[in-house]
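Here is a short briefing on one protein model. Start with the structure below, then work through the points by topic.

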Amino acid sequence: MNGLLMKYFGGVSTKDPAGIYAYVLVMKDLVRWLLPIAVCLLLVGARLERRRGIELLAGCRYGTAGRWWRSRFWDSQLFGMKAGIAMLAAAAAVDAVTAASAGTAAATGLSALLWLVHMAVILSFLLLLDLTVFRRFAAGALLLLEGLSFLEGVADRRLAPFMWGMWGMYCQSSRYDSRFGISSGAALLLEGGLLLFFYLTGSVRQKRAGEKR
């Protein structure tokens, strides 16, 4: 899997770990995995900051805190997904031009799906944290959570199915690693549940904040 799409969006392979050199390779691949996630977080975070100045007017326009949150959440998700799809398309285009190995169509398709769903969940957590006093540290905290949870899953494979940082990686799925891989269906269901949880939590928080006003 030498293509850009699989290198940056397929995840980190730990199928054949061996010695300190393998650990260095894992860390290198983890940094590469975090790069497009960081780009999406920075783009959405910058957009949120830019729009923060007009939020009072936006709140008046939407009428209720719940409607404002719903619009803000899905608008930001759409923006983030467009950025993610653009990066995936660029990587796929480069692979096509350079004739780089990108794996089978099923592998690349599943890699893209897992990454996009995972990115949507990360963005939903970012949007929830943006409602709190921790918003300035949200992007860094999410990248740290992604990296540390992945490394914990590598250190103890029994914990891997419960580690957030593993769920979006094709190279950590049972389709790629039949011995230690995580079920892609289970990962997608878990992430769908988390996305709904973050959305509903933000909605409840905003409604309560609106009632206090």
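Trp69, Phe73, Trp74 and Tyr199 come together as one aromatic cluster. The model is predicted. Across the whole structure, a search turns up 10 aromatic pairs.

**The Trp69–Phe73 pair**

- The ring centres of Trp69 and Phe73 are 5.4 Å apart, and their planes meet at 55°.
- Planes under 30 degrees apart would count as stacked and those over 60 as edge-to-face, so this pair, at 55°, is tilted.
- Trp69 and Phe73 both belong to helix α4, which covers residues 65-98.
- They are 4 residues apart in that helix, so about one helical turn separates them.
- Is Trp69 buried or exposed? Trp69 is buried, because its relative accessible area is 0% and the cut-off for buried is under 20%.
- Phe73 also has 0% relative accessibility and counts as buried.

**Arg72 in helix α4**

- Helix α4 also holds Arg72.
- Arg72 has a relative accessibility of 10%.
- Which residue does the Arg72 side chain contact? Its partner is the side chain of Asp130, in a polar contact of 2.4 Å.

**Arginines over rings**

- Arg32 places its charged end over the ring of Tyr8. The distance to the ring centre is 5.9 Å.
- Arg47 lies over the face of Phe79. Here the distance to the ring centre is 4.7 Å.

**Overall fold**

- How many helices and strands does the protein have? It has 7 helices and 0 strands.
- Along the sequence the pattern reads α-α-α-α-α-α-α.
- Take the contacts between residues at least 6 apart in sequence: 74% of them join residues at least 24 apart.

**Burial and surface**

- The protein has 213 residues, and 44% of them count as buried.
- The accessible surface of the protein is about 11,400 Å².
- Carbon and sulfur atoms account for 66% of that surface.

Conventions:
Residues are numbered from 1 along each chain as its sequence is written. This is a predicted model: local features need pLDDT of at least 70, side-chain atom pairs count only at pLDDT 80 or more; totals for chains, interfaces and linings use all residues. Side-chain values use heavy atoms; hydrogens and water are left out. Helices (H or I, at least four residues) and strands (E, at least two) are DSSP runs, numbered from the N terminus. Buried means under 20% relative accessible area, exposed over 50%, partly exposed in between (1.4 Å probe, protein chains only). Contact means heavy atoms within 4.5 Å. Accessible areas come from the Shrake-Rupley method with a 1.4 Å probe; for residues, only the protein chains shown count as cover. Rings of Phe, Tyr and Trp (its six-membered ring) pair if their centres lie within 6.5 Å; planes under 30 degrees apart count as stacked, over 60 as edge-to-face and the rest as tilted. A charge sits over a ring if NZ of Lys or CZ of Arg is within 6 Å of the ring centre and within 35 degrees of the ring normal. A polar contact is a pair of N or O atoms within 3.5 Å; within protein, one must be able to donate a hydrogen and the other to accept it, and residues adjacent in sequence count only if both atoms are side-chain atoms.
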